[in-house]
Amino acid sequence: MAEHIRLAVAGVGNNISALFQGAELYRKLSAEGVSESDFPGIKRPRIGGISVSDISFVAAFDIHPNKSGRPFNEAVLAEPNNYPRLDVELPQVPITVQPGLAGKEDADPTSQGFRQVVDQLRESRAEVLLYSLPTGLQWAADAYARAALEAGVAFVNCTPELVARSPEMLAAYEEAKVPLVGDDLASHFGTSVVHRALLGLLSERGLTLASSYQLNLGGNEDFRNLREQGGSKRQSKLNALAQEGVDTSNVEVIPSAGFVPHLHDHKVAMLNIEGLGWAGTPISLDLKLKVQDSSNAAGVIIDLIRIAAASSRLNRGGFPAAAVRVLKSPAGGHPKYTAQDVEEGFRQLDDLAAAPKDEALEASSR
């Protein structure tokens with residue numbers, strides 16, 4: 001059995017609630033004798049020998065008054081979080097949510113807030129810091145990434161802020177042999193994935209794209225925030241659509257076309273594609289997609305943190321190619337990587353994890 005990932009989180013929102021509850025649900029299924037290969041919604045039951053329930057939350061940071069200072073297992077269910085309660089008993093987690101970085105002044109490495117984050121990461125012996133704050137806080141993403149680097153902790157950026165795409169930041173993580181995974185997760189079955197597949201199909205069949213748009217509605221805090229801070233998210237979604245060489249010059253994406261409170265943690269997406277076929281005759285496609293937004297994120301986060309932890313245990317710094325397909329804006333951009341690169345990345349993590357520890361470390365240093 002693999003050692004649990006010692007996970008720290010920056011931002012105790014719906015995605016963390018979905019991850020925490022879901023990991024316990026899979027743990028329950030395993031205890032009931034359900035085979036990992038039969039777990040619903042899981043493509044890779046193990047990555048680097050680590051299962052989907054091999055997580056221990058060891059540190060958490062948040063500034064919301066309903067969360068900061070509270071036990072983790074209470075804070076993760078506190079409003080404004082509105083992810084539904086799953087049918088599983090949740091354990092007591094012996095950590096208290098610590099005050100996070102509250103403002104740009106905390107981005108200074110000499111500030112008290114920054115030093116406290118670094119100290120907490122070290123004291124908790126965290127392996128991975130998962131960054132899941134609201135979109136639009138570039139200063140916070142930079143600060144948490146630099147705190148993780150100083151503490152020698154792998155960093156996973158769930159947001160569209162520029163972290164792994166920063167050449168300076170990536171080089172620093174590579175030099176320190178610490179994994180840096182980002183940027184912006186591509187949801188399990190999200191609007192970008194479906195939209196990209198449809199645009200690719202249009203091109204494959206030889207039709208001309210006239211125009212297309214994507215509208216997203218939701219009722220959680222992410223959608224409330226995106227109404228004002230959607231710029232980086234829009235570009236990241238366009239990056240995801242373009243990863244197969246699709247021309248996005250006539251494509252418009254609105255990350256938060258509306259905050260609809262009664263949708264709670266559901267997301268509703270509307271897609272439209274207008275094309276031209278033989279002799280310029282028109283085709284039109286309209287599609288509606290509805291998903292549990294934070295489950296859609298957690299189904300990918302579980303892979304990102306396992307890739308980060310496995311890379312860290314194998315002393316591999318920088319960006320791991322295995323993470324490319326589950327990110328909207330990976331380091332270097334999608335065109336840099338082939339499908340073979342991604343599968344080779346997974347193979348190396350799995351093969352090295354199966355090897356004796358001394359042999360694995362020797363291989364990873366080659």
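## Buried positions in loops

A residue counts as buried when its relative accessible area is under 20%. In this predicted model, asparagine 81 has a relative accessibility of 10% and is therefore classed as buried. Asparagine 81 belongs to the loop that runs between helix 2 (72-75) and strand 5 (98-99). Apart from neighbours within four places in sequence, the contacts of asparagine 81 are Val12, Gly13, Asn14, Lys67, Ala75 and Val76. Threonine 96 is 15 residues from asparagine 81 in sequence, and the C-alpha atoms of the two residues are 17 Å apart in space.

Serine 132 is located in the loop between strand 6 and helix 4. With a relative accessible area of 15%, serine 132 is also buried. When neighbours within four places in sequence are set aside, serine 132 touches Ala10, Gly11, Asn15, Ile16 and Thr159.

## Packing of helix 3 against helix 4

The axes of helix 3 and helix 4 approach within 9 Å and cross at roughly 45°. The two helices are therefore oblique to each other, and helix 3 passes helix 4 in a right-handed crossing.

On the helix 3 side, the contact is formed by Phe114, Arg115, Val117, Val118, Leu121 and Arg122, which meet Ala143, Tyr144, Arg146, Ala147, Ala148, Glu150 and Ala151 of helix 4. By residue class, this contact comprises nine nonpolar and four charged residues, with no polar ones.

## Packing of helix 4 against helix 5

Helix 4 (residues 138-151) also packs with helix 5 (residues 167-176), at an angle of about 15° and with the axes 11 Å apart. Because angles under 35 degrees count as roughly parallel, helix 4 is described as roughly parallel to helix 5. The crossing of helix 4 with helix 5 is left-handed.

Helix 4 contributes Asp142, Ala145, Arg146, Ala148 and Leu149 to this contact, and helix 5 contributes Met169, Ala172, Tyr173 and Ala176. The contact of helix 4 with helix 5 divides into seven nonpolar and two charged residues, with no polar ones. Arg146 and Ala148 of helix 4 are listed in the contact with helix 3 as well as in that with helix 5.

## Salt bridges

The whole structure contains 12 salt bridges. One of them pairs arginine 46 with glutamate 36, with 3.0 Å between the closest N and O atoms. This pair links distant parts of the chain: arginine 46 lies in strand 2 (residues 46-47), and glutamate 36 lies 10 residues away in the loop between helix 1 (14-31) and strand 2. Arginine 46 is partly exposed, at a relative accessible area of 34%, and glutamate 36 is partly exposed at 23%. Salt bridges link Glu36, Arg46 and Asp54 in a network.

A further salt bridge joins the side chains of arginine 70 and glutamate 74, at 3.5 Å from N to O. Arginine 70 has a relative accessible area of 32% and is partly exposed; glutamate 74, at 37%, is likewise partly exposed. Glutamate 127 and arginine 313 form another salt bridge, with their closest N and O atoms 2.8 Å apart. These two residues are 186 residues apart and link distant parts of the chain, with glutamate 127 in the loop between helix 3 (112-124) and strand 6 (128-131) and arginine 313 in helix 9 (residues 293-313). Glutamate 127 is buried, at 14% relative accessibility, whereas arginine 313 is partly exposed, at 27%.

## Backbone geometry

Two cis peptide bonds may be noted. Glutamate 79 and proline 80 are joined by a cis peptide bond with omega of about 10°, and proline 80 is in the loop between helix 2 and strand 5. Glycine 182 and aspartate 183 are joined by another cis peptide bond, with omega of about 15°; aspartate 183 is in the loop between strand 8 (180-181) and helix 6 (191-204).

Positive phi values occur at non-glycine positions. Lysine 177 has a phi of about 60° and is found in the loop between helix 5 and strand 8, where lysine 177 is partly exposed at 46% relative accessibility. Asparagine 315 has a phi near 65° and lies in the loop between helix 9 and helix 10 (339-354). The relative accessible area of asparagine 315 is 34%, and the residue is classed as partly exposed.

Note on methods
Residues are numbered from 1 along each chain as its sequence is written. This is a predicted model: local features need pLDDT of at least 70, side-chain atom pairs count only at pLDDT 80 or more; totals for chains, interfaces and linings use all residues. Side-chain values use heavy atoms; hydrogens and water are left out. Axes are lines fitted to C-alpha atoms, for helices over the stretch in contact, and angles run from 0 to 180 degrees between N-to-C directions. Helices (H or I, at least four residues) and strands (E, at least two) are DSSP runs, numbered from the N terminus. Angles under 35 degrees count as roughly parallel, over 145 as roughly antiparallel, 65 to 115 as roughly perpendicular and the rest as oblique. A crossing is left-handed if the near helix is turned anticlockwise from the far one by less than a right angle, and right-handed if clockwise. Contact means heavy atoms within 4.5 Å. Ala, Val, Leu, Ile, Met, Phe, Trp, Tyr, Cys and Pro count as nonpolar, Asp, Glu, Lys and Arg as charged, and the others, Gly among them, as polar. A salt bridge is a side-chain nitrogen of Lys or Arg within 4 Å of a carboxyl oxygen of Asp or Glu. Buried means under 20% relative accessible area, exposed over 50%, partly exposed in between (1.4 Å probe, protein chains only).
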